[in-house]
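Hello,

Here is the structure I promised to pass on to you. Please open it alongside this email, and I will walk you through what I found.

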Amino acid sequence: MFPFIVKAYGIENFYINAVVLEDGDLLVEEYFEVNGDYNGYYREINYRNDSLYDFNQELEWYGPSNISNGSNIDLLEIRAVDVNSDFDFNEIGGKLFKEVSYADPGEYGVYVETDLSSGKKFQIFLPDYKNKAFYLKYRIDNIGTVYNDVSEIYWTLPIDRLEDSIANLKVNVSLKHKSTEFRVWAHGPLDGDVRKKNNTTLVATVSNVGTYENNID
């Protein structure tokens with residue numbers, strides 16, 4: 001028996017494309033390229049940030065609180081896709097993986113899903129010799145918060161459990177419909193950049209993100 005080896009030296013490109021749905025759910029796609037020697041990758045994703053404080057309805061307390069947490073993650077698909085630094089989320093191809101309860105290291109095209117207290121972990125069997133990148137698509141339920149005068153998504157980016165550094169991180173978050181009151185903020189490394197692309201989409205970019213970076217919101 002060979003262990004599930006992950007001797008990665010970092011992630012070159014990690015791209016996230018997210019769409020805020022009308023029901024308050026968040027549809028997320030990920031593309032990432034792993035360097036090094038490996039026969040698969042562990043991807044752990046949280047839908048809940050346990051460091052957020054309890055919600056308090058007093059005005060001075062308004063801000064990120066546990067009502068901003070999601071309630072579940074629904075995995076939609078995992079694929080092996082061609083490595084492409086200009087990856088287009090509108091043109092998804094590659095091999096579609098299937099869920100299994102167990103697989104041997106070195107297998108290809110399958111994954112194992114495990115429930116965690118605040119998210120899920122996916123053991124993805126994609127060996128490095130395939131020269132492919134990883135693609136995931138999932139839905140985070142009930143992450144949107146609706147107040148009397150505004151709706152809000154407060155989202156901790158799903159890279160806080162990564163064991164590898166990221167050379168280039170790019171995030172797109174879009175609304176389904178245009179909004180004249182669309183506002184965006186980001187918390188994280190000071191050398192990062194966040195801006196409105198238009199009245200439906202924000203784009204955030206960060207370089208040289210360290211391992212277990214848990215303060216990018």
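What share of the contacts in the chain with a separation of 6 or more comes from residues 24 or more positions apart? The figure is 64%. Please keep in mind while you look around that this is a predicted model.

The overall build is simple to describe. Of its 217 residues, 45% are buried. The accessible surface comes to about 11,900 Å², and carbon and sulfur atoms hold 45% of that area.

Now for the inside. In soluble globular proteins, nonpolar side chains tend to be buried together. Here the largest nonpolar core has 41 residues, and F14, F134, L136, I140, W155 and L169 are those with the most contacts inside it. Two or more residues of this core come from each of β1 (6-20), β2 (26-38), β3 (41-46), β4 (72-82), β8 (119-125), β9 (132-141), β12 (166-175) and β14 (201-209). There is also a second, separate core of seven residues, with Y15, Y31, V81 and F89 among them.

Leaving out residues up to four places away in sequence, F14 touches E30, Y31, F32, R43, I159, L162, I166, N168, L169 and K170.

Next, have a look at the second largest pocket, which has a volume of about 410 Å³. Its lining has 19 residues, and N17, D88, F89, N90 and N172 are the closest to the pocket's centre. Sorted by class, the lining has seven nonpolar, seven polar and five charged residues.

Finally, a few single residues that I would like you to see:

- S118 sits in the loop between β7 (110-115) and β8. Is S118 buried or exposed? S118 is buried, because its relative accessible area is 10% and the cut-off for buried is under 20%. Apart from neighbours within four places in sequence, S118 is in contact with N46, Y47, R48 and D50.
- N66 belongs to the loop between β3 and β4. Its relative accessible area of 29% makes N66 partly exposed. N66 and L52 are 14 residues apart in sequence, yet their C-alpha atoms are 5.3 Å apart in space.
- N142 lies in the loop between β9 and β10 (144-146). N142 is partly exposed, with a relative accessible area of 44%.
- N208 is in strand β14. With a relative accessibility of 66%, N208 counts as exposed.

The last two deserve a second look for their backbone. Most residues other than glycine have a negative phi. N142 is not a glycine, but its phi is positive, at about 60 degrees. N208, also a residue other than glycine, has a positive phi near 55 degrees.

I hope this helps you find your way around.

Best wishes

Terms used
Residues are numbered from 1 along each chain as its sequence is written. This is a predicted model: local features need pLDDT of at least 70, side-chain atom pairs count only at pLDDT 80 or more; totals for chains, interfaces and linings use all residues. Side-chain values use heavy atoms; hydrogens and water are left out. A nonpolar core is a set of buried Ala, Val, Leu, Ile, Met, Phe, Trp, Tyr and Cys residues joined through side-chain atoms within 4.5 Å. Buried means under 20% relative accessible area, exposed over 50%, partly exposed in between (1.4 Å probe, protein chains only). Helices (H or I, at least four residues) and strands (E, at least two) are DSSP runs, numbered from the N terminus. Contact means heavy atoms within 4.5 Å. Accessible areas come from the Shrake-Rupley method with a 1.4 Å probe; for residues, only the protein chains shown count as cover. On a 1 Å grid over the protein atoms alone, a cavity is a set of points where a 1.4 Å probe fits but cannot get out, and a pocket is an open set with protein on both sides within 12 Å along at least five of seven lines; lining residues have an atom within 4 Å of a point. Grid points are joined across faces, edges and corners, and a volume is the space filled by probe spheres set on the points. Ala, Val, Leu, Ile, Met, Phe, Trp, Tyr, Cys and Pro count as nonpolar, Asp, Glu, Lys and Arg as charged, and the others, Gly among them, as polar.
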